[in-house]
Amino acid sequence: MTEYRSDLLRLLDERGYIHQVTDGAALDALALSSVIPGYIGFDPTAPSLHVGSLVQIMLLRRLQQAGHKPIVLMGGGTGKIGDPSFKDEARKLMTTETIAANVASIKRIFERFLTFGDGPTDAVMVDNADWLDTLEYIPFLREVGQHFSINRMLSFDSVKLRLDREQSLSFLEFNYMILQAYDFMELAKRRQCRLQMGGSDQWGNIVNGIELSRRMLGTEVFGVTTPLITTADGGKMGKTMSGAVWLNEESLPAYDYWQFWRNSHDKDVGRFLRLFTDLPLDEIARLEALEGQEINQAKIVLANEATAMCRGADAAAA
């Protein structure tokens, strides 16, 4: 286990958010000496995000708790393409109106988890359509395209898996990783962003962004990925028999949301308390040690805490 000195990396490490870090020592030193603006991108593919995005939302919350600045990047531009990472087929293309409505709806979720404003550690929400929509193709190819090797792009898991299965990958989707790298570079330039975070499936995209920022701006930026969160029985987090566990009240009633957490596997309780609640670690250790019927008390605490954070204390109490 790495010994981190900064509050940020210690907090992320203790609570189980870290899978990979690019240059942990340098990031640790930067977090000690300055406020780091860090971002995660979210594609507005639906009016609500679901529990599968919650680790990333909590990661931004932890960034803010440790005294740094969260940037929520809405993919109004990349949402017009869709991320091909580990998908079997292309996403349906959405209209600009649908994307705008989804962005507005999703923003309400983030307001529960983050403090937005103009202060140095207040969260901001930006939309990559601001720079992607106005790109001109030939200048973009000349300035940005020259920094990408097709051989290397083909070696990334997200692309390789599709090709190995002989599933079609359109040129439109193939561009996605270049655009995501470009986002990181633009945020470094516009917002002094020094950190991109994401799930472990985003590692290749994040590394591309780090290299592009170094080449085009001469700026050192960093990446942190989270482990893939699976449940104790090997399932994907947030997928239930009845469908996705949505974060918005309109898409899923608070009681069903509460029930999802209440039904967590015994072995997942401690990990979920660390990732998805603000309870102190010593309290979590106490709850995690409960056995037999008593573990249900810990599950109720988990359900109450998680629901209060996402839906408000009243919803949790009800």
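S2 and S3 pair in the parallel sense, and six bridges hold that pairing. One of the facing pairs is tyrosine 39 with isoleucine 71 in S3. Keep in mind that this is a predicted model.

Stay with S3 for a moment. How many of its residues are buried? Six of the six, so S3 is largely enclosed by the rest of the structure. In general, side chains in a regular strand alternate between the two faces of the sheet. Here, Lys69, Ile71 and Leu73 point one way from S3. Pro70, Val72 and Met74 point the other way. Both sets are buried, the lysine included.

Now the other neighbour of S2. Strand S2, residues 37–42, runs parallel to S5, and two bridges join them. Tyrosine 39 comes back here: its bridge partner in S5 is glutamine 196. Glycine 38 has leucine 195 as its bridge partner in S5.

On to S5 itself, residues 195–199. Strand S5 is mostly covered, with five of its five residues buried. S5 also pairs with strand S6, residues 222–226, in the parallel sense, over five bridges. Glycine 198 finds its bridge partner in S6 at threonine 225.

Let me put the whole sheet together. What is the strand order? The order is S1-S6-S5-S2-S3-S4, six strands in an open sheet with mixed pairing. Strand S1, 20–21, and strand S4, 124–127, are the edge strands, each pairing on one side only.

Next, what sits on the sheet. Helix H2, residues 24–33, packs on the sheet and touches S1, S5 and S6. The direction of H2 makes about 105° with that of S6. Helix H3 packs on the sheet as well. H3 touches S2, S3, S5 and S6, and its direction makes about 165° with that of S2.

H3 also has a helix partner. As a reminder, two packed helices are described by the angle between their axes and the distance between the axes. Helix H1, residues 7–14, packs with H3, residues 54–65, at an angle of about 140°, with the axes 9 Å apart. That angle makes H1 oblique to H3. The crossing of H1 past H3 is right-handed. Which residues meet? From H1, Leu8, Leu11 and Leu12; from H3, Leu59, Arg62, Leu63 and Gln65. The residues of that contact divide into five nonpolar, one polar and one charged.

H13 spans residues 269–276, and seven of its eight residues are buried, so H13 is largely enclosed by the rest of the structure. The buried residues are Val269, Gly270, Phe272, Leu273, Arg274, Leu275 and Phe276.

Last stop: leucine 273, in helix H13. Is leucine 273 buried or exposed? Buried, with a relative accessible area of 0%. What does leucine 273 contact, leaving aside neighbours within four places in sequence? Arg15, Leu279, Ile284, Leu287 and Leu302. Look at the arginine in that list. Arginine 15 and leucine 273 are 258 residues apart in sequence, yet 8.9 Å apart in space, C-alpha to C-alpha.

Key:
Residues numbered from 1 in each chain as written. Predicted model: local features only at pLDDT ≥ 70, side-chain atom pairs only at ≥ 80, totals over all residues. Heavy atoms only, no water. Axes fitted to C-alpha atoms, helices over the stretch in contact; angles between N-to-C directions. Helix = DSSP H or I, 4+ residues; strand = E, 2+ residues; numbered from the N terminus. Parallel < 35°, antiparallel > 145°, perpendicular 65-115°, else oblique. Left-handed = near helix turned anticlockwise from the far one by under 90°. Contact = heavy atoms within 4.5 Å. Nonpolar A, V, L, I, M, F, W, Y, C, P; charged D, E, K, R; others polar. Buried < 20%, exposed > 50% of the residue type's maximum accessible area, 1.4 Å probe, protein only. Pairing = 2+ DSSP bridges.
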